[in-house]
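Please read it alongside the sequence and the coordinates.

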Amino acid sequence: MDAELQAGLDRAKKSRRTVKNGAASNDLVLSAYAEGNDDVFPRILDLFVKPGSVVADVTYGQGVFWRNVPEDKYTLLASDLSGGVDSRALPYRDGEIDCVVLDPPYMHTPGGSAHSVHRPFEAYYKNNVTGNRTASKYHEAVLDLYFDAGREASRVLRLGGVFIVKCQDEVCSNRQRLTHVELINGFEKMGFKTEDLFVVMRNNKPGVSRVIKQVHARKNHSYFIVLWKPKSKSQVWKRS
């Protein structure tokens, strides 16, 4: 081969290897954090939701997720059951929302003082009581809540819209329930596509429980699942 041609090929290969887009930085969004939701959530928005987007947080509560998000960055539609808006029956038109955020009570109350912080699940969603809307109870009722809210999110989201879901795994009836896996599988059956998964580890230790012998690891982490609504049936893995 001609020496000049070989030199040209070598330069081309080197050029392809050293092409740089953007500036080198260690300030990247990571997949796991030992920080609070109010620190992690803004990073997720920065990565997946464009400024100016209409974001419906349908389980807003005390607004913890939004504490470190500039008020003028998004058009926030905040609602929850305390204001009379059920995440399973939203007051929005089909396809008018850019992003839906869902963080319902994700554990049932097994009785006694355990998980007392999650008692709103029973109070709000009538789990474990006669006359429950469905025949499901306990963990299955939690899944029903997520999936009913997911179907409603799919309705109000525009094509290409983002669905951000907070959840935590649990042990129910001495059975390990990997909630984040169950939700991802269920949402994908609805047509959502999974984009990312974030792990949030709590800094403080879980409360002490009265157990004779520990059988499963005590959960000290939760998840943010990021999904999106495809623009067409043929658009499977590519997000615009």
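Strands β2 and β4 pair in the parallel sense, with 3 bridges between them; pairing here requires that DSSP finds at least two bridges between two strands. Strand β2 (residues 54–57) also runs parallel to β3 (residues 75–78), joined to that strand by 4 bridges. Helices (H or I, at least four residues) and strands (E, at least two) are DSSP runs numbered from the N terminus. One bridge partner or opposite residue for each pairing is listed here.

| Residue | Opposite residue | Strand of the opposite residue |
|---|---|---|
| Val55 | Leu76 | β3 |

The model is predicted: local features need pLDDT of at least 70 and side-chain atom pairs count only at pLDDT 80 or more, while totals for chains, interfaces and linings use all residues. Residues are numbered from 1 along each chain as its sequence is written, and side-chain values use heavy atoms, with hydrogens and water left out.

Helix α2 covers residues 37–48, and its end C-alpha atoms lie 16 Å apart. Buried residues of α2 are Asp38, Val40, Phe41, Pro42, Ile44, Leu45 and Phe48, where buried means under 20% relative accessible area (1.4 Å probe, protein chains only). Among the elements covering them are β1 (32–33), β4 (97–102), β5 (157–167), β8 (193–201) and β9 (221–228).

Ser154 belongs to helix α4 (residues 138–156). Its relative accessible area is 19%, so Ser154 counts as buried. Leaving aside residues up to four places away in sequence, Ser154 touches Phe192 and Lys229, contact being heavy atoms within 4.5 Å.

Methods. The expected span of a helix is 1.5 Å times one less than its number of residues. Buried means under 20% relative accessible area, exposed over 50%, partly exposed in between (1.4 Å probe, protein chains only).
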